[in-house]
Amino acid sequence: MSDFNQARPTSHSYFSQRLKLHYLDWGNDHEARDSKPHLMLIHGSQDHCHNWDWVSHDLCSDYHVIVPDLRGHGDSEWVKGSAYTNLDYVYDLAQLIHQENLEPVNIIAHSMGGTIACLLAGVYPEKVASLI
């Protein structure tokens, strides 16, 4: 897809630990979603899901791309009355993978997202096909 305007994500939400969390789905339609390998892009600490828009656009012709907003980022809810821990982020992503039937998922992540992705692959190795 050469024109950025041709591919558009759909906005969705899911629940983890009573928080309403947001993600973008660049799968375009259910047929395409089920026929392509799943790819999750995880942002860093000062980012949100739209930081990956250009990458998602380029990869969505070959992958079903999922891009979450981590808790407290973008359009996801903030935690009330507790800290943000890496293991909470890991659990949130494991819930997204489970609820959307993405297992095994390929992951590309950077910065804090890279740390979370490494922990996810260590705690739930069966959920992760590859990690970059």
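## A first look at this predicted model

At 19% relative accessibility, Q95 counts as buried, because buried means under 20% relative accessible area, with exposed over 50% and partly exposed in between (1.4 Å probe, protein chains only). Q95 is found in helix 3. Leaving aside neighbours within four places in sequence, Q95 is in contact (heavy atoms within 4.5 Å) with Y14, F15 and S16.

Residues are numbered from 1 along each chain as its sequence is written, and side-chain values use heavy atoms, with hydrogens and water left out.

### The chain as a whole

The protein chain has four helices and six strands, and from the N terminus on its elements run β-β-α-β-α-β-α-β-α-β. Helices (H or I, at least four residues) and strands (E, at least two) are DSSP runs, numbered from the N terminus. The radius of gyration of the protein chain, taken over C-alpha atoms, is 14 Å, close to the 14 Å that the globule rule gives for 132 residues, so the chain is as compact as a globular protein of that length. That rule is 2.2 Å times the number of residues to the power 0.38.

Here are some overall values for the protein chain:

| Property | Value |
|---|---|
| Span of the C-alpha trace along its principal axes | about 45 × 30 × 25 Å |
| Residues that count as buried, of 132 | 47% |
| Share of contacts with a separation of 6 or more that join residues 24 or more positions apart | 68% |

### Inside the fold

Now for the interior. A nonpolar core is a set of buried Ala, Val, Leu, Ile, Met, Phe, Trp, Tyr and Cys residues joined through side-chain atoms within 4.5 Å. The largest one has 24 residues, of which M40, I42, L70, L93, I107, I116 and L120 touch the most other members. At least two residues of this core come from each of strand 2 (19-25), strand 3 (38-42), helix 3 (86-99), strand 5 (105-109) and helix 4 (112-123). Which helix gives the most to this core? Helix 3 does, with six residues.

Leaving aside its neighbours within four places in sequence, L120 is in contact with V90, L93, A94, I97, I107, P125 and V128.

How values were computed
Predicted model: local features only at pLDDT ≥ 70, side-chain atom pairs only at ≥ 80, totals over all residues.
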